[in-house]
Structures are given as structure tokens and as C-alpha cells.
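Q: I am new to this structure and would like to learn how to read it. Can we go through some features one by one?

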Amino acid sequence: MKKLTVFKLIVVSGLLSFQSCNYLDVVPDNVATIDNAFTMRSEAIKYLATCYSYLPQDGDPTRNPAYLAGDEFWLDYPTLSIDGTNWNIARGNQNVTNPYVNYWDGYMFNGIRDCNIFLENIRNPEKVRDMTQDERTTWEGEVLFLKAYYHFMLMRHYGPIPTMDVNLLVNTSIEDAKVKRQPIDEIVDYIVKVLDEAIVKLPNTVQSPVTDLGRITKPIAMGIKAKVLLYAASPLFNGNKDYATFKNVDGTLFFNQSFQTEKWQKAAQAAKEAIVACENLGMGLYQFPGTVFPLSDTTMIQMSIRNAVTEKWNKEIIWANPTSRAWQMQYSAMAHIDPNNSGNNSVHGTLAPSIKIIEQFYTKNGVPIEEDKTLDFSNKNQLRTGTHAERFNNIENYQTARLHFDRENRFYANVGFDGGIWFMENSPSRSDENTWTTQLRLGLFGSGLSIPITTYYPKKLVNWKFAFKDGNSSHIEEYPWPMLRLADLYLMYAEALNESQGPTADVFLYLDKIRTRAGLEGVKESWVKYAFNSNKPNTKEGLRTIIQRERNIEMSFEGSRFWDLKRWKLAAQELNKNITGWDRNQDKDHPELFYKELTFFQQRFVAPRDYFWPIRENNLLVNPNLVQNPGW
């Protein structure tokens with residue numbers, strides 16, 4: 001072995017074994033040296049799989065911190081049928097002794113190290129001689145992307161990090177091995193530089209969709225570049241005065257104290273370039289094609305919203321991770337909608353959106369419930385009975401809360417609630433008339449097993465082909481977790497463009513594309529007709545809050561809100577609010593008691609401390625060049 005790294009080579013095994021993507025079915029054998037791993041293509045592809053294996057399991061709510069570290073979901077305490085370890089962050093228990101979701105120690109840096117090993121060897125023409133130059137170039141591009149993405153993940157968690165462009169040699173002195181954290185602007189420049197190197201090497205599409213979907217392509221790299229630049233332009237990283245004294249050991253400031261509009265301009269340009277690249281390849285917002293039986297326009301719109309996330313490899317998905325199959329997500333999100341299987345305990349819906357998340361969705365007029373001058377939501381728990389005209393959203397002749405009526409399609413597509421419709425492929429009526437419903441009060445079939453603590457379900461996350469089966473079992477239609485979809489890119493572009501240029505025509509164009517899919521009028525039209533503050537979309541500041549709410553709605557339950565609140569510096573505002581829900585312990589004959597709002601937890605987010613993860617305190621003892629994040 002000619003070269004060693006400071007870190008011990010760790011061989012990853014057993015992580016990637018899904019039939020849909022054969023390239024992920026291989027992991028390295030226990031090779032004696034790195035040289036052996038690059039003697040031939042059949043060995044090198046195993047090391048390529050190792051580099052991919054560090055991608056986060058974002059489709060698993062127990063492993064994706066965006067779910068259980070924020071406020072979008074709440075759980076029973078103690079938790080039922082789900083690992084609630086990361087929930088300790090949301091409950092205010094993050095610590096420096098043994099931090100939760102500790103990406104610093106090993107995991108992400110191991111991924112970067114393995115990427116560096118791969119790049120060093122694949123670039124050597126004397127290695128892996130049985131592969132073509134085109135394939136060598138593509139693989140190099142894939143791993144460059146992964147290396148950049150792992151750096152981005154570390155920056156998102158910790159802020160300033162050391163960038164690891166090459167691995168240190170085994171004979172590196174102890175002092176030289178004690179790396180320092182770098183200023184944010186340097187880190188962003190480095191990540192973007194590596195992504196640019198990857199983009200020119202990557203293909204537009206995978207060569208073999210049957211086996212290679214999920215591998216990195218040019219549109220993926222361009223989309224993530226836009227996301228990196230969006231974060232860099234956001235208030236958390238762009239001229240953040242809260243970190244005016246946050247310095248390295250040599251006195252260098254980690255955060256540039258001058259706000260730079262140019263950062264927003266760069267983000268907007270990168271997002272637009274990524275959009276053009278995607279659309280030139282035929283990508284677009286997903287539209288549900290329908291079924292063999294007719295459906296109402298309402299259900300068709302809602303299925304377009306739901307399946308944009310859960311339909312495998314649909315035209316809106318820019319990047320999906322085939323090693324993260326959203327099984328646990330659906331297991332924890334599904335309601336008991338089948339009266340004949342009310343006691344089926346093969347799934348346990350435990351992920352509970354709170355009332356404040358439910359309230360963020362618009363009215364049917366496309367404006368916030370507190371802005372709509374034509375609809376009154378001041379008594380949100382007031383009982384109302386579903387009518388025949390409302391039968392595709394609300395159960396006819398069933399009493400439920402005022403909050404559940406007159407809402408936009410994304411509310412009904414994304415949320416399961418008491419008195420709601422839950423259409424699935426196996427609808428007993430073979431239509432959206434007289435289909436599955438959620439009836440959750442005690443004594444009704446939906447309460448046969450414990451329901452989520454707030455009484456709400458994230459319906460959006462459940463594939464419409466889920467089915468309860470005889471024998472206390474169920475069929476969960478797995479899907480690769482969408483890491484980036486086109487609607488996300490549209491919203492990034494609209495946000496960056498508004499911040500750099502104000503309410504231009506393109507901002508509304510891309511916001512309205514998403515709203516049109518949801519069955520809503522455009523932003524301007526809706527606010528002029530229905531909102532108290534009809535002029536709000538005409539200023540940068542007003543449109544900013546509209547875009548942020550639009551993003552919270554469109555990207556709801558996809559792990560976006562947690563990071564968005566942080567980069568907007570709104571986490572201290574939102575994550576210090578009460579977690580509330582309805583009283584699930586009330587029976588079917590007392591809906592007025594069921595709809596009594598209860599407080600389950602008072603969150604506590606300490607700013608600026610909680611905007612970044614702590615570095616484990618033992619690391620600071622081993623390496624005095626590391627500086628702890630403020631407040632820890």
C-alpha cells in the first residue's frame with residue numbers, strides 16, 4: 001500500500017441492497033489495501049458504492065433530524081413504535097458531552113475521506129485500466145458531487161467547518177493534523193468550486209434507468225449548487241451580526257459582517273440555470289394521469305400534489321435516494337381508514353403535525369386564514385357539518401372543526417384529520433365517492449389503535465397504493481426518498497430573485513406555476529381579491545413572507561421547514577411556540593370536547609446557540625485549534 005490516511009479505512013457493508021438500483025447492490029470486500037480496490041472496474045465500483053453509502057437516510061424520520069429536531073412533528077412521550085432519540089433535540093436536550101445526530105465525529109468526515117481516496121485513485125490512468133475514459137470521467141464527477149454535498153451537510157449543521165480537499169498522510173505531524181475551522185465564505189466558495197468541477201463531468205441523465213436511477217447527474221449537481229448558494233445568501237450566513245465575535249483561534253472572523261445582495265443574485269442565477277437544464281430534459285411539475293375510473297377535479301388536483309412526492313421517479317423528481325425507501329415514514333404516517341381493519345396493528349401512525357402547522361395552509365382562496373377577508377376562522381374549533389358539495393374533502397353529515405373546512409387543496413392532500421377524506425388506489429367504491437375516511441374520536445373505527453397525539457396525520461407521505469391486508473398485515477408501497485424536486489427549485493429561484501431584485505414578473509411566474517398545480521389563482525390575483533393586506537405582494541418585504549409561507553406549504557412534511565427556519569433566522573420565533581393539538585381522549589358523542597385545544601409542550605430554542613450543533617467537548621480537548629459554537 002503506497003499511501004495511508006490519518007483515518008483508518010472503514011469498509012462499509014450491508015447498507016445498500018435494493019433491487020431497483022443494481023449499482024448500489026455492491027459494497028467493498030475486506031480488501032487488504034486500497035490499491036487492490038482499484039485494480040479493476042469490478043472492484044472500483046464497490047468503492048464508488050462506499051462513497052454513496054454516506055448519503056443521509058432522509059426518508060427515515062428517526063434518522064433525518066429535520067423531522068424530530070424541529071416543530072413539524074410531535075410524538076407521544078414516551079414514544080410509541082418509533083425511535084425518538086433525535087426528538088431530544090426538539091425537547092431541548094441537545095448537549096456537548098454526547099451530541100445527538102453527531103455528524104462531526106466520523107460519519108461525514110469519513111465520507112469525505114473515502115471520496116478523496118476514490119478521486120485520487122480514479123484519476124490515476126494506471127489504475128482501473130479496464131474502464132473507459134468516459135466512465136472514469138462520470139465516476140469522478142459523481143464523487144466530486146458527493147464530496148461537496150457532505151461538506152454542505154456539515155456546514156448546515158455546524159456552520160464553520162474545516163474543508164478537506166485531500167487526505168492527510170499518515171506521517172503528517174500531530175500539530176499539522178489539528179485542523180482549524182474556516183470562515184463561511186471560504187467554505188461556500190470551496191463547495192461551489194467542487195460542484196462546478198463535478199457539473200462539467202456529469203451526464204445529463206443516467207445511462208441505464210433500470211439500474212442507475214439515483215446516481216448523480218448534471219441537473220442534480222446544478223440544483224444542489226443553487227441550494228448551497230441559497231443558504232449562503234440567507235440571513236443565517238449573510239452578514240449575521242449575532243456572530244460578530246465568533247472567531248477562529250487566530251482571530252479570523254467566521255462570519256462576514258457585511259450583508260451582500262450579490263449572494264442572492266448568485267443563488268438566483270444558479271437556480272434559473274438548474275431550472276432550464278431540468279426543463280430542457282423534459283422535467284416538469286407532476287400531474288396525476290388519472291385512473292381507470294373517473295375522479296372529481298378536486299381529487300385529481302390533490303393526487304397531483306400527493307404523488308409529486310410518493311410516485312417513483314416521476315418527472316418532477318430531480319434527485320431521489322434509492323437507499324432511503326420511506327418505509328418507516330409511511331409506517332409512522334398512516335391512519336386507520338378501513339373499518340374492517342380498525343384493529344390492524346401492522347402500522348402505527350405516530351408522526352403528529354401540530355395545530356400551528358395545520359394553520360399554515362391557505363384558505364381555498366389562496367391566502368392565509370388570518371388574511372382572508374371573506375372567510376372567518378377566528379373560532380377554529382367551532383363545529384360544522386360536512387355538506388354534499390364538500391364530500392371530496394369532508395365526510396358528508398359528519399361534524400368536525402371549522403379549521404377543516406374551506407381550505408386549499410394542499411391541506412386536504414397533505415393532512416389526515418378527523419372527518420376527512422383519504423382516497424387511495426383500493427377505494428372500496430372504485431371512485432372518490434364513498435371512499436376511505438378518517439374518523440378518529442373514541443368509539444369510531446379510526447380510533448381502534450392509538451392515534452397521533454395531536455390527532456393529525458401527514459397523509460402526503462403515504463403512497464396511494466398502501467393497503468391494509470388480512471392477517472394483521474399491510475402492503476407499504478416503498479418509494480425512493482425525493483432529495484430535490486422541481487417545485488423546490490422553483491421556490492428557491494423565486495426567493496432568491498425577490499431578495500435580489502424585488503417583486504419581478506419571474507418571481508410571480510414560478511410561484512404561480514406551483515399554485516396553479518394546487519388549483520389556486522396567482523399570488524397577486526388572490527391577494528387583491530381576498531386579502532386584507534392586498535398590497536403585500538408588491539413589496540420585497542411583503543413578498544418575502546408570502547414566499548416563505550408558500551415554501552412551508554408546498555414543502556410541508558418533506559424535511560425542509562426545519563432548515564428553512566434556521567437559515568431565515570426565524571427558528572427563535574417559531575421554535576419557542578407551544579405544541580398543541582386536539583383532545584384525542586374524547587368519544588364520538590362529544591365532538592365539542594374532542595375539539596378542545598391542548599398544549600403538549602412548550603419548546604425552548606435559545607438563540608444564537610441552537611442555530612448550530614455543538615461539537616463534542618472532548619474534540620476540543622484533543623484539538624485546541626477547534627473553537628466551540630457560541631452558547632455551547
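A: Let us begin with one residue and its contacts. The model is a predicted one. Leaving aside neighbours within four places in sequence, arginine 441 is in contact with Tyr398, Gln399, Asp418, Ser447, Gln586, Asp587, Lys588, Pro591, Phe594 and Tyr595.

Q: Is arginine 441 buried or exposed?

A: Buried means under 20% relative accessible area. Arginine 441 has 5% relative accessibility, so the residue counts as buried.

Q: What does the side chain of arginine 441 reach at 3.1 Å?

A: A polar contact is a pair of N or O atoms within 3.5 Å. Here the side chain of arginine 441 comes to 3.1 Å from the backbone oxygen of glutamine 399. Glutamine 399 is also one of the residues in the contact list of arginine 441.

Q: How far is the C-alpha atom of arginine 441 from that of glutamate 521?

A: The two C-alpha atoms are separated by 35 Å, and the residues are 80 apart along the chain.

Q: Which residues does serine 296 touch, and where is its place?

A: Serine 296 is in the loop between helix H11 (261-280) and helix H12 (297-310). Not counting residues up to four places away in sequence, serine 296 touches Phe392 and Asp432. Its relative accessible area is 13%, so serine 296 is buried.

Q: How should I read a helix such as H16?

A: An α-helix has 3.6 residues a turn, so residues three or four places apart point the same way. Helix H16 covers residues 486-501, which is 16 residues. From first C-alpha to last, H16 reaches 22 Å, close to the 22 Å expected at 1.5 Å a residue. Of the 16 residues in H16, 15 are buried, and the helix is mostly covered.

Q: What comes just after H16?

A: Glycine 502 follows, with a positive phi of about 85°.

Q: How many helices and strands are in the protein chain, and what is its radius of gyration?

A: The protein chain has 23 helices and ten strands. A compact globule of 632 residues would have a radius of gyration near 26 Å, so the 25 Å of the protein chain agrees with that. Its C-alpha atoms fill a box of roughly 75 × 55 × 50 Å along the principal axes.

Q: What share of the residues in the protein chain is buried?

A: Buried residues make up 61% of the 632. Among contacts with a separation of 6 or more, 71% are between residues 24 or more positions apart.

Conventions
Residues are numbered from 1 along each chain as its sequence is written. This is a predicted model: local features need pLDDT of at least 70, side-chain atom pairs count only at pLDDT 80 or more; totals for chains, interfaces and linings use all residues. Side-chain values use heavy atoms; hydrogens and water are left out. Helices (H or I, at least four residues) and strands (E, at least two) are DSSP runs, numbered from the N terminus. The expected span of a helix is 1.5 Å times one less than its number of residues. Buried means under 20% relative accessible area, exposed over 50%, partly exposed in between (1.4 Å probe, protein chains only). Contact means heavy atoms within 4.5 Å. A polar contact is a pair of N or O atoms within 3.5 Å; within protein, one must be able to donate a hydrogen and the other to accept it, and residues adjacent in sequence count only if both atoms are side-chain atoms. The radius of gyration is taken over C-alpha atoms; the globule rule is 2.2 Å times the number of residues to the power 0.38.
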